[in-house]
Amino acid sequence: MERLFITPGLRIDDHQLFDTETTYKLSIAYLLPTQTRLKGNFGTGFKAPSLYQLYSTQDFRGGPIGDPNLKPDKSKNYDFGFEHHLLDNKLSFGATYFHNKFKNMVDYDLTLNKYKNIGQAWTKGFEIESTYKPIKTFKVSFNYTHMKTKDKETGLKLARRPENQAGLNTNWVFREKANFNLRTTYNDYNWNNGANTQKVKPYIKVDLSTYYDLTKNFHFFCRIENLFDRKYEEVRGYATLGRSFYAGVKEKF
């Protein structure tokens, strides 16, 4: 069938500490005559703890934060959704539902100040995205993610995973070799610790960037992060930068 696409995948990891692990993924897509694409994925995952997570001793209190007894993170996941195009592909939108199950998830415990395994956990939710490109040089994109999480050992939510996230990105090619980009990011409140006793406040952040191709090989860039100098935290107690300005030149060979 010309409208049906099936892509299988197989991966074999040979790890010195955690032996051999085989994971797989199956992706399916089907194109409808109505400019709609149905899609779905099913697979498994394997992630060995990093050397830092296993052996680091850089705790601010002088103790170890790594744990050499950590087990690898294993997962099963699936998602399905659709994409639809309108107005001669100037407008597109889509939605995806996802569900992930984890065994021995590696996470940082702020109470113990070290990495640990979470025996059983899951995340699930949906994503919505849309793009509008009225002309070749101007594009607006929007995305939104709603995610529920659960540590099945405690019945509580996983730490540092916002329930709602959204983004709005505007890109304008105002000259043949120049680009202007404005990105707005929203993060909902989330729990800073696995005990769900410390909240991280929600925040909105705006970033501005532009570039210009001086020559074929030289590229000038300029960006302002946290344009409105908002005070926010991604992890409670760890301050982030205020308004920051960067500029420079990159060379391509």
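## A tour of charges and rings

The count here comes to 11 salt bridges, each a side-chain nitrogen of Lys or Arg within 4 Å of a carboxyl oxygen of Asp or Glu. You are looking at a predicted model, where local features need pLDDT of at least 70, side-chain atom pairs count only at pLDDT 80 or more, and totals for chains, interfaces and linings use all residues. Residues are numbered from 1 along each chain as its sequence is written, and side-chain values use heavy atoms, with hydrogens and water left out.

Start by selecting Glu83 and Arg37, whose side chains form a salt bridge (3.0 Å, N to O). Glu83 sits in strand 4 (residues 73-86) and Arg37 in strand 3 (residues 36-47), 46 residues apart; strands are DSSP runs (E, at least two residues) numbered from the N terminus.

Next, pick Arg161 and Asp107, a salt bridge with its closest N and O atoms 3.7 Å apart. Arg161 is in the loop between strand 7 (138-151) and strand 8 (164-175) while Asp107 is in strand 5 (residues 91-109), so the pair ties together parts 54 residues apart in sequence. Asp107 is buried at 11% relative accessibility, and Arg161 is partly exposed at 24% (buried is under 20% relative accessible area, exposed over 50%, partly exposed in between; 1.4 Å probe, protein chains only).

Now for the rings. Select Trp122 and you will find Lys124 over its face, 4.7 Å from the ring centre; this requires NZ of Lys or CZ of Arg within 6 Å of the ring centre and within 35 degrees of the ring normal. Arg223 lies likewise over the face of Tyr246, at 4.2 Å from the ring centre.

Notes. Helix = DSSP H or I, 4+ residues; strand = E, 2+ residues; numbered from the N terminus.
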